[in-house]
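Please look through the structure below with the following explanation at hand.

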Amino acid sequence: MKTIFISGTAGSGKSLLTSKLLEYYTSNGAFAAALNLDPGVENLPYECDVDVRDFVDVVSIMKQYDLGPNGALIMANDLIASKCNDLQTEIGGVNPDYLIVDTPGQIELFAYRSSGKFLVDNLATEEKTNIFLFDGALVTEPLNFISIALLAASIRLRLNLPALSVMTKTDLIGDRTKDIQEWSSNHAALEAAVSGAADGDTYSLTMAILRGLDYTEMVQGLIPVSNVTGEGLVSLEAALSRILNLGEEVED
């Protein structure tokens, strides 16, 4: 069993990409299953094979501990770590070829609290990787692109997993997709875009970040994907295969 974590900022399309990957693997003869790790989500665009909401109830936590929604979500995500063995048992009962893990909408609850890292480290699977989503609607501006690239680097450092960078919502941004892909591979192009968008202290800070950190390593091979049309899924699966299967593609 190979595990694919899907991470990214709120609204970047994690659950939709999870559903599309499930469909893609299934249509190509592989057995894929979904693990939902978001205890606060109400509706999902796919059927969960393993669901953390079966073990942790946010509403009950709010009532029992007199917490608001945010405090209850924090406690719920911390409690998930104590359910790791139960989750592992359910996952083992399903025993898919690929386990796709849909992480919480608030990325900080998963990546930066000890419970998330504990789950990443202790889920017993053969190979693991993380897909970080660049929200296409956000990264059309160069300063936003750099900010999200820094977040991607931070998540990679925190989770310590092989990582892929995926740009979602390409169907919404049209020709801007090409600009963003150029920024991800051409330092000079990104610097030129920044110079046209910032000045003063903001420009100086941004240039210092670019000089001090090889951002192209963070987003090298940025893969554009549309969760609506499915465009880019073949390229994404090929990149996943290189990490998880040593380059062996899923058979059509």
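A residue counts as buried here when its relative accessible area is under 20%, and as exposed when that value is over 50%. The model is a predicted one.

Begin with Leu22, which is found in helix α1, residues 14-27. Leu22 has a relative accessibility of 11%, so it counts as buried. What is Leu22 in contact with, leaving aside its neighbours within four places in sequence? The residues are Ala32, Ala33, Ala34, Tyr46 and Ile100.

Ala34 has Ile100 in β4 as its bridge partner. The strands concerned are β2 (residues 32-36) and β4 (residues 98-102), which pair in the parallel sense over five bridges. Strands of a sheet pair through backbone hydrogen bonds, in either a parallel or an antiparallel way.

The sheet is open and has seven strands, in the order β3-β2-β4-β1-β5-β6-β7, with parallel pairing. Strands β3 (50-51) and β7 (223-224) stand at the edges with a single partner strand each, so one side of each has no neighbour in the sheet.

Strand β1 covers residues 2-8, and seven of its seven residues are buried. Both faces of β1 are covered, with Lys2, Ile4, Ile6 and Gly8 on one side and Thr3, Phe5 and Ser7 on the other. With β4, β1 pairs in the parallel sense over five bridges, and Ile4 stands opposite Ile100 there. With strand β5 (residues 127-135), β1 pairs in the parallel sense over seven bridges. The bridge partner of Ser7 in β5 is Phe132.

The last stop is a pair of helices. Leu190, a residue of α10, has its C-alpha atom 34 Å from that of Leu22, and the two residues are 168 residues apart along the chain.

Helix α9 spans residues 176-185, and Thr177, Ile180, Trp183 and Ser184 in it are buried. Seen down the axis of α9, these buried residues fall within an arc of 120°, so they line one face of the helix. Lys178 and Ser185 are exposed on the other side of α9.

Two packed helices are described by the angle between their axes and the distance between the axes. For α9 and helix α10 (residues 187-195), the axes come within 5 Å and cross at roughly 115°. The crossing is left-handed. From α9, Glu182, Trp183 and Ser185 meet His187, Ala189, Leu190 and Ala193 in α10. The residues of this contact divide into four nonpolar, two polar and one charged.

Conventions
Residues are numbered from 1 along each chain as its sequence is written. This is a predicted model: local features need pLDDT of at least 70, side-chain atom pairs count only at pLDDT 80 or more; totals for chains, interfaces and linings use all residues. Side-chain values use heavy atoms; hydrogens and water are left out. Buried means under 20% relative accessible area, exposed over 50%, partly exposed in between (1.4 Å probe, protein chains only). Helices (H or I, at least four residues) and strands (E, at least two) are DSSP runs, numbered from the N terminus. The arc is that of the directions from the helix axis to the C-beta atoms. Axes are lines fitted to C-alpha atoms, for helices over the stretch in contact, and angles run from 0 to 180 degrees between N-to-C directions. A crossing is left-handed if the near helix is turned anticlockwise from the far one by less than a right angle, and right-handed if clockwise. Contact means heavy atoms within 4.5 Å. Ala, Val, Leu, Ile, Met, Phe, Trp, Tyr, Cys and Pro count as nonpolar, Asp, Glu, Lys and Arg as charged, and the others, Gly among them, as polar. Two strands pair if DSSP finds at least two bridges between them.
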